Amino acid sequence: MGPGRENWNIRTYIMTAEGKHEVRIHIDRQPYQSPTPTTGEALYNLADIGKHKELFKEATGDHEDKPVARDHTELHLHQDDHFYSEKEEAEKKVHITVDRVAKTVRAGDWLVSALKAEVGVDAAKVLAQIKPHELVDLDDAAHIKVHDGEKFMSHARTGASS
Amino acid sequence: MSQEQNDAALLEPIADLCDGQVSFKTEGWRRLILMEGLRFKAGPRQCTMDGLLCLNHDNTTYPTKLYLTENVGCGLNWNESPYLLGRQWHTFSWSNVSQDQSPFAILAAHLAPLSKGSPS
C-alpha cells in the first residue's frame with residue numbers, strides 16, 4: 001500500500017462515540033457508513049433488508065460469496081466491502097414442466113402431495129420425476145427439492161403383480 | 001393436428017427416456033411402441049436396453065404389456081418370452097394397466113414395479 005492510499009484510509013475511517021471505527025461499505029450497490037466491528041443483524045437493519053431476503057458478502061477470486069447470518073455474530077468490516085441481498089429460496093420462482101405443461105412454482109423444498117395440489121395433479125395419481133436416466137415415482141409423503149427446468153409427469157396408480 | 005403430429009406428440013415424452021429411436025410398430029393385432037435404449041432402474045441397477053410397449057394386449061387382465069430384451073428380476077413373475085418384430089423379448093406379469101391413458105403413462109405404470117424391486 002502506498003502512502004497515498006494510507007492517507008486516504010485515515011481520512012475515511014471515522015471513530016464513533018463508542019470507540020468503534022466506521023467504514024464505508026456497499027450493500028446492493030448503495031454506499032453506507034457502518035461501525036466495525038458490527039453484527040449481521042445491524043447490517044440487515046442498516047440497509048433495511050426484508051425478512052425474506054438474505055445478505056451475502058462478496059468474495060474475491062475463486063472463493064464463494066459468504067452468507068451473512070441475521071444474528072449477533074460479530075463481523076469485522078473493511079473499507080469498501082461489498083454486500084448484496086438475494087431473495088431467499090422460499091421467495092424464488094422456478095419453471096417446471098408437468099405433463100408437458102409449463103408451471104411456475106416456488107423453488108426449494110416441497111412435500112410431494114403439496115406440489116401435486118399446486119400444479120393441479122389429481123391426488124389419486126402418482127407424480128413421477130423424469131430424470132436423465134430414469135423415471136422416479138415420488139411418494140406423496142416425501143420431500144423433494146424443486147429446481148428450475150425439472151420435468152414431471154403424472155400417471156395412474158395402476159398395476160399389480162400376478 | 002395430423003395423425004403424424006399426434007403420434008410424434010405421444011412418442012416425444014417417451015423419447016426423453018431413450019438413447020435411441022422411439023417408433024410405433026404393428027405386428028398382427030398388436031399396436032406396439034419400440035423404444036431403443038430405454039433407460040430405467042431395476043432396483044438399484046441402472047439399465048439401458050430396448051423395450052417394447054404393447055398398447056392393446058388381447059387380455060382384459062393384462063390390457064397392456066412391457067417387453068424387455070432381458071429378464072431383470074426384481075421379484076416379479078417373468079412368465080412369457082414372446083417373439084415379436086423378429087426378436088425374443090421377456091415380460092413380467094403386471095396386471096390392470098389400462099389402455100385408456102397416454103403411452104407414457106402406460107410405460108410409467110409398468111416401470112414402477114421395476115424401480116421398487118430388487119434385482120435377481
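Two strands pair if DSSP finds at least two bridges between them. Strands here are DSSP runs of E with at least two residues, helices are runs of H or I with at least four, and both are numbered from the N terminus. With that in hand, take strand β16 of chain A, residues 160-161, and β9(B): they pair in the antiparallel sense over two bridges. One residue to look at is A:Ala160, whose bridge partner in β9(B) is B:Ser95.

Some housekeeping. This is a predicted model, where local features need pLDDT of at least 70 and side-chain atom pairs count only at pLDDT 80 or more, while totals for chains, interfaces and linings use all residues. Residues are numbered from 1 along each chain as its sequence is written, chains are lettered from A and ligands numbered from 1 in the order in which they are written, and side-chain values use heavy atoms, with hydrogens and water left out.

Next, confidence. pLDDT is the predictor's confidence in each residue, from 0 to 100. Chain A has a mean pLDDT of 84, with 85% of its residues at 70 or more. Contact means heavy atoms within 4.5 Å.

Now the interface. Together the chains bury about 1700 Å², 51% of it on carbon and sulfur atoms. Buried area is the accessible area (1.4 Å probe) that two parts lose on being put together, summed over both.

Four salt bridges cross this interface; the rule asks for a side-chain nitrogen of Lys or Arg within 4 Å of a carboxyl oxygen of Asp or Glu. A:Arg100 and B:Glu12 form a salt bridge, with their closest N and O atoms 2.7 Å apart.

A:Asp80 sits in the loop between β7 (74-75) and β8 (81-87) of chain A and A:Arg24 in strand β2 (residues 21-27) of chain A, so the pair ties together parts that are 56 residues apart in sequence.

A:Asp137, in strand β13 (residues 134-138) of chain A, has a side chain joined to that of A:His155 by a polar contact of 2.9 Å. A polar contact is a pair of N or O atoms within 3.5 Å; within protein, one must be able to donate a hydrogen and the other to accept it, and residues adjacent in sequence count only if both atoms are side-chain atoms. Leaving aside neighbours within four places in sequence, the contacts of A:Asp137 include B:Ala112 and B:Lys116.

Last, two backbone points. Most residues other than glycine have a negative phi, and most peptide bonds are trans. A:Asp28, in the loop between β2 and β3 of chain A, has a positive phi of about 50° although it is not a glycine. A:Thr36 and A:Pro37 are joined by a cis peptide bond, with omega about 0°.
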